[in-house]
Amino acid sequence: MLIPSVPTARAASGALRRSLWTSRALYSQPADRKPTEPKPTEAKPAESKPAESKPVDSTNAQPAKPQNVDDEKIEYFGNTRFPKFRPKPRRTITPGDAVGQATPAVKPTPQPLTAQMQQKWRDILSPEKNLETRAKIIHDIGHSYFQDIVDLRDNGDKLFEAPKQLIRGSRAHYLPSVSGKTLAGANADVLDLCEGRTTLLSINFNKFSERHTQSFVEPFEAAFADAENVQVVQLNIEENWAKAVVLQMCLPFLRRQIPKHRHDRYLVHYGNVEELRKSMGIANSLIGYVFLIDKELRIRWYANGLAVMSEAQAMVALTRKLAKTNK
């Protein structure tokens with residue numbers, strides 16, 4: 001192996017440096033020079049710019065810009081565009097229409113635990129029951145937990161003003177069956193509590209709706225405190241199993257809050273009451289409802305929300321009229 005001498009290595013490194021400087025000078029030379037010929041080529045795109053922006057697409061683009069208009073209700077989160085949440089329209093009944101079920105309700109017969117487990121197993125294997133369960137799950141998914149809150153915020157805590165006359169007995173529907181336990185500790189059905197007497201039935205699903213029903217119950221009790229064939233029955237419904245546990249723990253407080261003479265007619269029900277909602281026109285669980293029921297368990301009048309003066313007066317007058325016919 002030949003090792004180059006020191007002068008030879010220095011000469012080679014000097015030639016390498018010169019070649020690098022020469023190539024660098026040649027590379028930077030076009031940038032240092034003033035461009036003479038490219039001027040017309042640079043001016044041509046400038047002249048063609050109006051032609052490119054000339055298509056009057058700005059006027060055509062304006063109709064596609066209703067994103068900032070309030071009617072579109074668009075909200076921006078970063079660069080993503082989401083449609084603003086719109087609550088479903090409130091579906092209410094027409095005041096004066098018959099509510100309840102068309103045929104008299106039949107109380108469910110109590111079954112032993114083994115029979116209940118066998119029926120549960122048959123429901124699991126039944127295709128029809130599976131389709132019903134699937135339809136209920138789809139309905140629950142489409143119904144937001146906050147939908148009632150949004151509906152209450154946008155539409156208020158009253159669905160409509162109560163009618164001024166009774167529903168005719170030939171056209172009235174019947175009260176559905178709901179079982180539960182009274183504050184006195186006895187198992188009962190709402191049909192047993194209301195049968196044979198003119199009854200004001202109040203239904204509430206939470207503490208917020210309780211003040212609605214109390215606005216009807218208090219003037220009703222004041223007007224019929226001495227009447228033997230007129231009574232008040234209260235139904236407290238809890239559909240959520242987690243809240244049902246809390247409600248069971250709060251029953252002692254509820255007994256102290258409710259007057260003692262109402263304990264045997266205050267019914268607490270745990271479980272789903274979807275059929276009751278549909279048949280009795282309950283559109284929002286945050287609103288309280290009252291129903292005037294005759295001795296044959298027919299729903300003759302109803303109201304919702306906070307009572308106004310005209311509704312309280314109509315309730316008392318219609319109850320007196322109904323109590324006379326029930327004697």
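**Group meeting: a walk through the predicted model**

A word on the labels: helices (H or I, at least four residues) and strands (E, at least two) are DSSP runs, numbered from the N terminus.

Some ground rules. This is a predicted model, with local features needing pLDDT of at least 70 and side-chain atom pairs counting only at pLDDT 80 or more, while totals for chains, interfaces and linings use all residues. Residues are numbered from 1 along each chain as its sequence is written, and side-chain values use heavy atoms, leaving out hydrogens and water.

Now the overall picture. The protein has 12 helices and nine strands. Of its 327 residues, 32% are buried. Buried means under 20% relative accessible area, exposed means over 50%, and partly exposed is in between (1.4 Å probe, protein chains only).

Next, the sheet. What is the order of the seven strands in the open sheet? They run β4-β3-β7-β6-β5-β8-β9, with mixed pairing. Two strands pair if DSSP finds at least two bridges between them. At the edges sit β4 (187-189) and β9 (299-304), each pairing on one side only. From one strand to the next, the twist averages 30°. Inside the sheet, β6 and β7 pair in the parallel sense, over five bridges.

A helix crosses here. α8 lies across β5 (198-204), β6, β8 (289-293) and β9. Its direction is about 160° to β5. For these angles, axes are lines fitted to C-alpha atoms, for helices over the stretch in contact, and angles run from 0 to 180 degrees between N-to-C directions. Contact means heavy atoms within 4.5 Å. Among contacts between residues at least 6 apart in sequence, 77% join residues at least 24 apart.

On to charges. How many salt bridges does a search of the whole structure find? It finds 13. A salt bridge is a side-chain nitrogen of Lys or Arg within 4 Å of a carboxyl oxygen of Asp or Glu.

Take Arg 262 and Glu 221. Their side chains meet in a salt bridge at 3.1 Å, N to O. Arg 262 lies in the loop between α10 (251-257) and β7 (266-270), and Glu 221 in helix α8 (residues 207-223), so the pair ties together parts 41 residues apart in sequence. Arg 262 and Glu 221 are both buried.

Now Glu 239 and Arg 277. This salt bridge spans 2.6 Å, N to O. Glu 239 is in the loop between β6 (230-238) and α9 (241-249), and Arg 277 is in helix α11 (residues 274-280), so this pair ties together parts 38 residues apart in sequence. Glu 239 is partly exposed, at 29% relative accessibility. Arg 277 is buried, at 15%.

Arg 153 and Asp 154 also form a salt bridge, with the closest N and O atoms 3.0 Å apart. Arg 153 is exposed at 62% relative accessibility, and Asp 154 is partly exposed at 42%. There is a network too: salt bridges link Asp 294, Glu 296, Arg 298 and Arg 300.

Last, the surface. The protein exposes about 21,800 Å², and carbon and sulfur atoms supply 58% of that. Accessible areas come from the Shrake-Rupley method with a 1.4 Å probe; for residues, only the protein chains shown count as cover. Trp 121 is in helix α4 (residues 113-125) and is exposed at 54% relative accessibility.
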